[in-house]
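Q: Please take a close look at one residue in this chain. Where does it sit, what does it touch, and how does the rest of the chain look around it?

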Amino acid sequence: IFSPYVNLSNAQTIFVRAENDVTGCYNTVTVTLRVDPIPSPEPNPTPIEVCDVDNDGFGQFDLEIRTIEIINGESNVAITYHETESDAETGSNAITGLYTNIVANNQMIYVRSENTLTGCYSLTENTLELIVDPAPEVPTTIEPYTICDSDDDGIAQFDLTFMDDEVLNGQDPLGVDLTYHTSEADALIGGNPIINVSNYTNNGNPQIIYVRLFDPITECFDIGQFEIEVSLPPLAIQPTQLSLCDDLGEVPGDEFTVFDLTVKNSEITGGNGSWSVDYYETNADAVAQVNAIPDPTQYTNTEINGQGANPQTLFAVVTDTNTGCVDMVTLTLRVLPNPTPTPSDLLPNIELCDDVNTGDGVEVFDLTENELLILNGEPGVTASYYERLDDANSGNNAIADPTQYTNTETPEQEIYVRVTNDVTGCYALVDFTIIVHP
């Protein structure tokens, strides 16, 4: 028999003759040829999948959970796992303990099956696949869900589906199951989900609601939480009336004027800086919070039959900017009438002759000469006299003694009279001419 020799059976006995080349003496022995089988591991082990808790593509794998499947029922077989095929061939750098993949999302692991008695080994035909499944993500921070209390009992009905969009945060609602729970333990296992999610009555104030997103395909999930709270509405203060004088526009006495409604904000809110105030012309708009007066600093009362609505009721909605809860009060606008002195075109001039000895065109006038006519019998009003129109409008620099006034312009000078209501401060202006004749 020549070497190499292919055995004819397993095991096979081979007879060996040893002969002395000089004497011809010999002896015989037998040798048994036995071919040890190599292991036959499972050629297509089931991939191992883990959920990616932080969605970075990496996770921890317990490779040993596939050992029994790969051994495939054989005895005396040891399984080792390796990152490279060459390591698996040599049995080097075996992976021990929990393994974190080094290739994101998907990685192949090489498997070596070795007979512990003979040392024979084989490699799994197909590598063991490690898959990191992306997990649903619940936002780390979810804004509280606040409902305003209508009866001060701290209990309200919450539509938890109102939070769906914020919880999903752009994730496909068809790809995950979204459930709400009253305990973290239930959320972790998916037990006891809240059934009446669209009409849930809180059992604490505030109360924590736990949310669970579950991927039914990968069975990955994430949980989070948010607070539901029943908040008391702000307590708005009913303001005093807002009264302004009729403006001295093109049509005196038309009962139109421009109001700065915001002067009442502090009174209505009691000075609470976290409350805001919006004004509406109708109760319906105020209730619906639509059509707010766009510029409450420049609001002209509305028109009724050609005249300004007087008085006019507006509706002020106070909002707690921290909770969104609201309260409402009314605000009455009043346009106060101005005095009605005799019009300027009906007032006579005051005329004096120049002193023949001086001839300087300067004389001393009693400007109050026509005051009875100017006041027109109206009670509760006072007249003051001015050299300049802007002073008359502002009420500054009145002539100190109008009964002893020396003209500063000659031969004619215009004098402005401000007639003021002693109670309201509303006023009207008229003017007349003083003349010094030569």
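A: Start with T433. In this predicted model, T433 lies in strand β29, which spans residues 427–437. Is T433 buried or exposed? Its relative accessible area is 13%. Buried means under 20%, so T433 counts as buried.

Now look at its partners. Leave out residues up to four places away in sequence, and T433 touches N349, I350, E412, Q413 and E414.

Next, step back to the whole chain. The chain holds 8 helices and 29 strands. Of its 438 residues, 36% count as buried. Its C-alpha atoms fill a box of roughly 185 × 55 × 30 Å along the principal axes. The radius of gyration is 50 Å, whereas a compact globule of 438 residues would have one near 22 Å.

Then find the nonpolar cores. The largest has 20 residues. Y145, F158, L160, Y180, F226 and I228 have the most contacts inside it. The elements β10, α3, β14 and β15 each give two or more residues to this core. Apart from it lies another core, of 18 residues, with F365, L367, Y385 and V436 among them.

Finally, consider contacts along the sequence. Take those in the chain with a separation of 6 or more: 63% of them come from residues 24 or more positions apart.

Technical notes:
Residues are numbered from 1 along each chain as its sequence is written. This is a predicted model: local features need pLDDT of at least 70, side-chain atom pairs count only at pLDDT 80 or more; totals for chains, interfaces and linings use all residues. Side-chain values use heavy atoms; hydrogens and water are left out. A nonpolar core is a set of buried Ala, Val, Leu, Ile, Met, Phe, Trp, Tyr and Cys residues joined through side-chain atoms within 4.5 Å. Buried means under 20% relative accessible area, exposed over 50%, partly exposed in between (1.4 Å probe, protein chains only). Helices (H or I, at least four residues) and strands (E, at least two) are DSSP runs, numbered from the N terminus. Contact means heavy atoms within 4.5 Å. The radius of gyration is taken over C-alpha atoms; the globule rule is 2.2 Å times the number of residues to the power 0.38.
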